[in-house]
Each structure stands twice: as structure tokens, then as C-alpha cells.
Amino acid sequence: MIEVHVTTHSRDTALKLAKDALGERLAACANIVDQITSLYWWEGQIEHDKESLVIFKTSKARADELTAFIIANHGYDLPAIIRHEEVIPTPEYRRWVHQETKADQ
Amino acid sequence: MIEVHVTTHSRDTALKLAKDALGERLAACANIVDQITSLYWWEGQIEHDKESLVIFKTSKARADELTAFIIANHGYDLPAIIRHEEVIPTPEYRRWVHQETKADQ
Amino acid sequence: MIEVHVTTHSRDTALKLAKDALGERLAACANIVDQITSLYWWEGQIEHDKESLVIFKTSKARADELTAFIIANHGYDLPAIIRHEEVIPTPEYRRWVHQETKADQ
């Protein structure tokens, strides 16, 4: 099991991305943290925006497809997609994530 | 030092879990992020709930006891307990976490 | 690329820390999660405070300087500075972080 983190411009984008990715069985769960404040360099300026953070929980086997799905449906030129691969769930939770992300449901 | 992350159904559950775990010296600190939106597969449906995320900071030596404590006091059939073991604190913060999670206080 | 996480006493401290660190090119991006609830042991008591969580995204090369900068500008005696070094961004995002954290801009 791994986590894939990405920030989005709006809550609606985060919700749609989460719902659609789960619908494709590319993740078992998505936690969305709203109203984060992001400061970042863009074209020589420090930008200051509101974003939502989506934390996907998925299997390593599905991670590349999930990443491609996020890129195709995100809206930014350069989405901040970051994998946390060293996380360790309980054995039960790992089994559940693997079960829920099987392609042939 | 490691982080143990878990989501709970409500803020009250998160606060009680954090307070009681710290009371047992199973963690030195707990950060609670409220009002996250969680989407997840459960019994063939995509569920959509509000949750709180608890980030415990503890020592590796106490991690198994903390995990058992969370399972015993959580309320879900399958709590999403996820360890982030590869985190690197400053030496001072690591010492503080180890000091505050010693069993024989 | 790595993430450096730190909690601050207030949103204003978090914003200033983020803005100034980015201004020094010590990070490419900072995400701030407000209104987290923190419970922690301090001088024999369990304290209960509101904090903000700052997640910096920077290059490994700049991580020591960023850590020193946070310590110098934070305000706590013992700031909870925690590196997440095992994160894996997309190749494009990694390039962007490295580009934006070059000292000689």
C-alpha cells in the first residue's frame, strides 16, 4: 500500500478527482483536507492560493495508473503529485486496500 | 521517532484517543486535522464521510502498543492505521519524543 | 525532493515563515494546514493548543539550510521539524522544485 498526495485548485476538483479515481478502482480511499494555503514560486513570483490536499490510499500495482489519471484530469500544467511509498499500514488495512483496488471487480 | 496516522469518525473520538494515548505515554504529541472529507469503498459502495486525521508522534519502541491501543479504542471495524517510519526529526526533537514516551515516568 | 514539516503557534507565523523561506529560495512551495489541534507533553502536563502545519517542498541540497532557517525564525524552544525524505514526486515536479530552489536565481 502507498499514499499518493496531490493538491488541487478547488474542493470541487478534489472531490471529482477522488470520486472518479475510486470509481475506476485506482484507489480504495481518498482523504481531502480543504482550505490549505499554498505559497509557491511560479514564473518569477511567489503565488499565494487556496488549495485542497487529496491523500489517496492505493496499492503499488495501481500507482502508475492513478498518477496518469490524476495528470489527465487535474487541470494544472504541473500538478504536485507526490508518492509516499514507505508507509506501513496494519495487515488488515493493507488487505482491504488491495481488495478494493483490484481491476476485475 | 515515527509518525502513526489514523482517521476517526469524529473530532471527539480523535481528541479522546489522543488524550488517552498521551496519558499512557504511548505518544509524545498528537496533531489533529479536523473536517477532512473521506471517500472510500465499503461493501460495494463509495461512502462519503467527514473524518478527523490524527498524527501521533512516538518512538519506534512504543509503536506496537500505540497501534494496539488505537485498535482497542477506535470504534471502526477496520481503522486506517498507517505508520510513517521513514521520517527524520531534528536530534533535539527525537530526544524529546523518546523522553516523553518512556514507560517509567 | 523532500518534504520538511513543521508546526507553528499561529497562522501568521506559518505564513511569514513560508514567505521568507521561499524568498530565500530555501523551498519551492509551502502548504499550510490551519487550525489543527495539538496535544503534547510539556513540563509534566498534557498541553492542548491550536497550531498550523507547514509542509515545505524543497531539494535535499537545501534541506539543512531550510532547517536552520526554521529554527532561527520559529519562536518555539523546540520546534517539531520533521523531514519526509522518502517521498517520490513526478520527474517534472522534481525538476521544478530543483529549479526553484537554486541559490543563484
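Which residue of chain A comes closest to the rotation axis? Of the residues of chain A, A:E86 does, with its C-alpha at 3.9 Å.

## Basis of the report

This is a predicted model, in which local features need pLDDT of at least 70 and side-chain atom pairs count only at pLDDT 80 or more, while totals for chains, interfaces and linings use all residues. Residues are numbered from 1 along each chain as its sequence is written, chains are lettered from A in the order in which they are written, and side-chain values use heavy atoms, without hydrogens and water.

## Relation of the copies

Chain A is superposed on chain C by a rotation of 120° with 0.0 Å of shift along its axis, at an RMSD of 0.0 Å (least squares on the C-alpha atoms of residues with pLDDT of at least 70 in both copies). The two copies are thus related as by a three-fold rotation axis. The copies use different surfaces, since 13% of the contact residues of chain A recur in chain C; contact means heavy atoms within 4.5 Å.

## Chain A against chain C

Here 23 residues of chain A are in contact with 28 residues of chain C. The area buried between these chains is about 2000 Å², of which carbon and sulfur atoms give 66% (accessible area, 1.4 Å probe, lost on being put together and summed over both parts). A:L39, A:W41 and A:I82 supply 33% of what chain A buries against chain C, more than any other three residues.

Between chain A and chain C there are nine residue pairs in polar contact, both residues at pLDDT 80 or more (a pair of N or O atoms within 3.5 Å, one able to donate a hydrogen and the other to accept it; residues adjacent in sequence count only if both atoms are side-chain atoms). Strand 2 of chain A gives the most to this side, with eight residues (strands are DSSP runs of E with at least two residues, helices runs of H or I with at least four, numbered from the N terminus). Strand 2 of chain A runs antiparallel to strand 2 (residues 29-42) of chain C, joined by four bridges (pairing requires at least two DSSP bridges). A:Y40 stands opposite C:C29.

## Chain A against chain B

This contact takes 28 residues from chain A and 23 residues from chain B. Chain A and chain B bury about 2100 Å² between them, 65% of it on carbon and sulfur atoms. Strand 2 of chain A also pairs with strand 2 (residues 29-42) of chain B, in the antiparallel sense over four bridges, and A:A30 stands opposite B:L39.

Key
Buried area = accessible area lost by both parts, 1.4 Å probe.
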